[in-house]
Amino acid sequence: MEKSMNSEEHYISATKKWIAEFVIGFHLCPFAKSVFDSGYILFSLELSDDAHMQLIAFWNTLQQLEKNKDFSTSILILPNAPEDFESYLEVFEKAESLLEESGLSNTFQLAGFHPAYLFNEEKISAPTHYTNRSPYPLIHILYVDDVRRTIKSHPDIASVPSMNILKMKDLGIESLSQLLQSYYKIDD
């Protein structure tokens, strides 16, 4: 994965571009646009490749989100998390355990994104994996109450996953791969 720069700003800019052009641009998440456009996303970054340091960054991001009510969600960018998806899942699952053990699982929920994201029931070559593929490994932290409220407000939330699958299949694996690669090479 070639990157055009090594600055912290690159990782945040690449992630924001991916959200704007891919997640919002293809309407993968019907709730992302208003939160993104309003600046209600707290972007955090942890450059360490150490899982323990990544979990500390996760905990610190949770604390920031709890204290600063100006943000309704947070994205923790972990550019040096394992490139191997299974190894990333170990970090993600430890973050979920930390959330549970801290008693905050009724307040927050997590969503994982990774450049090599794989759904269990899908073939490795399936384009549907791209609904959760991101330029860098991410942990998305959401307020449970906000998720419940937005789900209730959507006229047909059950159709979102199937519509996303169709969009990914229409775009095709080659186009999706090229799109994802393009987010590594952005300029600030």
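Helix 1 (8–24) and helix 7 (173–182) each supply at least two residues of the lining of the largest cavity. Helices here are DSSP runs of H or I with at least four residues, strands are runs of E with at least two, and both are numbered from the N terminus. A cavity is a set of points on a 1 Å grid over the protein atoms alone where a 1.4 Å probe fits but cannot get out, and lining residues have an atom within 4 Å of a point.

This is a predicted model, in which local features need pLDDT of at least 70, side-chain atom pairs count only at pLDDT 80 or more, and totals for chains, interfaces and linings use all residues. Residues are numbered from 1 along each chain as its sequence is written, and side-chain values use heavy atoms, with hydrogens and water left out.

Back to the cavity: its lining consists of W18, F22, Y130, R133, L176, L179, L180 and Y183. Helix 7 contributes the most, with 3 residues. By class, the lining has 7 nonpolar residues (Ala, Val, Leu, Ile, Met, Phe, Trp, Tyr, Cys or Pro), 1 charged (Asp, Glu, Lys or Arg) and no polar ones (the others, Gly among them).

Now zoom out. The protein chain has 7 helices and 4 strands, arranged along the sequence as α-α-β-α-β-α-β-β-α-α-α. Its C-alpha trace spans about 40 × 40 × 35 Å along the principal axes. Of the 188 residues, 41% are buried, meaning under 20% relative accessible area with a 1.4 Å probe, protein chains only.

Terms used. On a 1 Å grid over the protein atoms alone, a cavity is a set of points where a 1.4 Å probe fits but cannot get out, and a pocket is an open set with protein on both sides within 12 Å along at least five of seven lines; lining residues have an atom within 4 Å of a point. Buried means under 20% relative accessible area, exposed over 50%, partly exposed in between (1.4 Å probe, protein chains only).
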